[in-house]
Amino acid sequence: MNTRPIIGISMGDPFGNGPEITVRAMSDPDLYRRCRPLVVGDLSSMEYALEVAKKVSGISLQLHGIKSPGEARFEHGTIDVLDMGIVPAGEIPRKEKDGVPAPFGLGATKLGGEAAFQYVVKVIELAMAGEIDATVTNALSKEAINMAGHHYSGHTEIYADYTKTSKYTMMLAHENLRVVHVSTHVSLREACDRVKKDRVLDCIHIANNACRALGIKAPKIGVAGLNPHCGENGMFGTEEVEEIQPAIDAALSEGIDIPERKPTPPDTVFSKALGGWYDIVVVMYHDQGHIPLKVKGFVYNKEEKHWEAVAGVNVTLGLPIIRASVDHGTGYGHAGSGHANELSLGNAISYAIQLAENR
């Protein structure tokens, strides 16, 4: 029996970097030794992405259009694509400059948003039905999916809705730095209002369970404060005293290991995490967690004016299915150039494999 997990990969916005990144990731033979990858998207977009990859990087692969996972071959050299048939080939802009593809820069569109949304819904349905073992998502545009009438603030909320999950959170990870969020896609003012004992405690539980799912037997958890210097005992805010500390105390009483036993100032918690003090950090809002992860994982070469690394993984925790994602946007301005960086997608697939195997 083949024990390699089947990983369903949503193609992302058809007019963004998702199709090209997917082709580049699928060109790695080691990927097929570790899992059985299945792309959910449009053959029309994947055909164009393959054309671009061949011209720019010499990547030569075949596409195999299918209608169900049971038809997939899962052989390196052939990309199995569950073809949703949403984007006509004539809708994909094609530009060339000096004989090589150039960015087509179409941007957010209603068609792109509808397609990207339907790819995500399909991988969720396949995972919920047990036809695939984990899901991985390429980037979509929140603007585009809302243009198409799907009013979600991102992948996380789509997954929560379609799996009927109420307690969930986002984990970002790059190498040994991992963070989970008390809140994500809300205003900063609303994020502060969401720092409540029950929600912080839920996130501590989810963080602890996530580490165990990754094979960390005795997780150490850091909990960031919300205010400068953790509020200085109420001088700069009372959330640490009234909400975060009670959540920490409750977690400690359950045997969860929070080494400092109190909130850690946000300006030092990530340095400590990188130093091995914690396996994961609970952060209070979106940018508190995203900024350190992207400072570590995104590397721009200013002399050559391109991204040398766009690394990092976004994992939704608390769901009944596995979901990992790239930690970058659609890259509309570079789509069609053939220079999209597949590192984040490769990392996301690796996380999905690890979670599927440990599960």
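## Pockets, a helix and aromatic pairs

About 310 Å³ of space lies in the second largest pocket, while the largest pocket has a volume of about 500 Å³. This is a predicted model, in which local features need pLDDT of at least 70 and side-chain atom pairs count only at pLDDT 80 or more, whereas totals for chains, interfaces and linings use all residues. Residues are numbered from 1 along each chain as its sequence is written, and side-chain values use heavy atoms, with hydrogens and water left out.

**Pockets**

- A pocket here is an open set of points on a 1 Å grid over the protein atoms alone, where a 1.4 Å probe fits, with protein on both sides within 12 Å along at least five of seven lines; lining residues have an atom within 4 Å of a point.
- The largest pocket is lined by 18 residues, and W307, H334, H339, A340 and N341 lie nearest its centre.
- Strand β13 gives the most to that lining, with 3 residues.
- By class, the lining of the largest pocket has 7 nonpolar, 9 polar and 2 charged residues.
- For the second largest pocket, the lining is 18 residues, with K142, H185, N314, V326 and H328 nearest the centre.
- Its lining has 4 nonpolar, 10 polar and 4 charged residues, and α6 (155-162), α11 (286-297) and β15 (323-326) each supply at least two of the lining residues.

**Helix α12**

- Helices are DSSP runs (H or I, at least four residues), and strands are runs of E with at least two.
- At 1.5 Å a residue, the 16 residues of α12 (residues 343-358) should span 22 Å, and the end C-alpha atoms are 23 Å apart, which agrees.
- Among the buried residues of α12 are L345, I349, Y351 and L355, where buried means under 20% relative accessible area, exposed over 50%, and partly exposed in between (1.4 Å probe, protein chains only).

**Aromatic pairs**

- The structure holds 4 aromatic pairs; rings of Phe, Tyr and Trp (its six-membered ring) pair if their centres lie within 6.5 Å, with planes under 30 degrees apart counted as stacked, over 60 as edge-to-face and the rest as tilted.
- Y48 and F104 form a tilted pair, 5.9 Å centre to centre with 45° between the planes.
- That pair links distant parts of the chain, 56 residues apart, with Y48 in helix α3 (residues 43-57).
- Y48 counts as buried because its relative accessibility is 6%.

**Cysteines**

- A search of the whole structure finds 0 disulfides, a disulfide being a pair of cysteine sulfur atoms within 2.5 Å.
- The sulfur of C230 is 14 Å from the closest cysteine sulfur, in C192, so it is too far for a bond.

Notes: Points joined across faces, edges and corners; volume = space filled by probe spheres on them. Nonpolar A, V, L, I, M, F, W, Y, C, P; charged D, E, K, R; others polar. Expected span 1.5 Å × (residues − 1).
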